[in-house]
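Biologist: Could you take me through one part of this structure closely, namely its aromatic rings, and say what is buried there and what is partly exposed?

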Amino acid sequence: MAVSGCVLFLFVVGHCIGNLQVFLGPEAINRYGAFLQGLKELLWPVRIIMLSLVVLHFWSASTLTLENQSARPVAYAEWNPSVASYASRTMFVGGLVVACFIVYHILHYTALVNVGGGDFANSAQFEYDYDGHKIHNIFKMLVVGFNIKWVSFFYIIAVGLLSLHISHGAQAMFQSLGLRSKAYTPAVRCFAAAIAVFLFVGYSSIPVAIMLGFGQEALK
Ligand code: HEM
């Protein structure tokens with residue numbers, strides 16, 4: 001769990017930083033997308049490795065949850081979860097919702113399936129002229145996608161759950177890797193909380209900004 005979680009965590013942080021280039025304007029984010037798409041030899045191997053890690057992470061989580069349940073087949077007469085945090089108690093359900101979100105998100109922005117409304121069917125509109133050739137207009141795609149309010153709210157809720165998941169997952173990862181002694185506990189907690197806040201603010205700033213009017217000139 002810790003190793004698969006660690007690699008997925010690095011992807012989520014990198015994807016967030018990459019996405020924030022939207023605030024530098026269409027050229028920056030579209031060039032970044034074209035750069036990633038241009039790594040042709042790496043693209044599919046990386047996708048397959050990431051998908052395998054998601055499956056591995058889910059499989060480990062299911063095994064662990066079942067083991068925990070069979071270790072305590074009879075429920076507590078009185079259950080007062082004051083020690084376990086809300087994040088730690090919602091790891092499995094939260095993880096499942098995030099997994100559903102990822103499927104939706106890939107259909108939405110990678111496969112350009114019209115899952116959220118907006119004019120996604122006409123993919124020719126997502127072409128951007130750069131240096132004499134056409135690249136994918138990720139900027140316009142984000143504006144079209146997040147102009148639909150329920151889609152934006154769905155993304156904000158999903159990244160909220162993801163951040164909650166990571167706030168506990170990051171601490172558990174340090175513990176599993178044997179890097180969490182008593183002396184480091186406050187630092188590990190602080191790091192996990194800071195990264196969760198960064199991810200939530202970073203990811204949700206994009207739909208929020210677009211709902212507030214950012215980037216609308218891309219539709220003209
Ligand atoms: C507001 C939040 C987010 C935005 C704006 C966003 C944006 C994007 C965009 C534009 C793409 C397509 C890139 C392309 O076709 O070139 C993409 C792909 C992807 N995103 Fe996100 N993303 C967000 C949140 C997330 C989160 C939270 C996760 C994971 C937990 C995630 C995982 C992925 C994955 C796995 C892909 C597919 C990459 C591939 O093509 O292989 N995204 N995202």
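Modeller: A residue is called buried under 20% relative accessible area, exposed over 50% and partly exposed in between, with a 1.4 Å probe and protein chains only. By that rule Phe-154 counts as partly exposed, because its relative accessibility is 28%, whereas Phe-101 is buried, at a relative accessible area of 10%. The model is a predicted one, in which local features need pLDDT of at least 70 and side-chain atom pairs count only at pLDDT 80 or more, while totals for chains, interfaces and linings use all residues. Residues are numbered from 1 along each chain as its sequence is written, and side-chain values use heavy atoms, with hydrogens and water left out.

Rings of Phe, Tyr and Trp (its six-membered ring) pair if their centres lie within 6.5 Å, and planes under 30 degrees apart count as stacked, over 60 as edge-to-face and the rest as tilted. The structure holds 13 aromatic pairs. In one of them, Phe-101 and Phe-154 have ring centres 6.0 Å apart and planes at 65°, so this pair is edge-to-face. It links distant parts of the chain, since Phe-101 belongs to helix α5 and Phe-154 to helix α7, 53 residues apart; helices here are DSSP runs (H or I, at least four residues), numbered from the N terminus. Both rings belong to one aromatic cluster, which Phe-101 and Phe-154 form together with Tyr-104, Tyr-109, Phe-146, Trp-150 and Tyr-155.

Conventions. Helix = DSSP H or I, 4+ residues; strand = E, 2+ residues; numbered from the N terminus.
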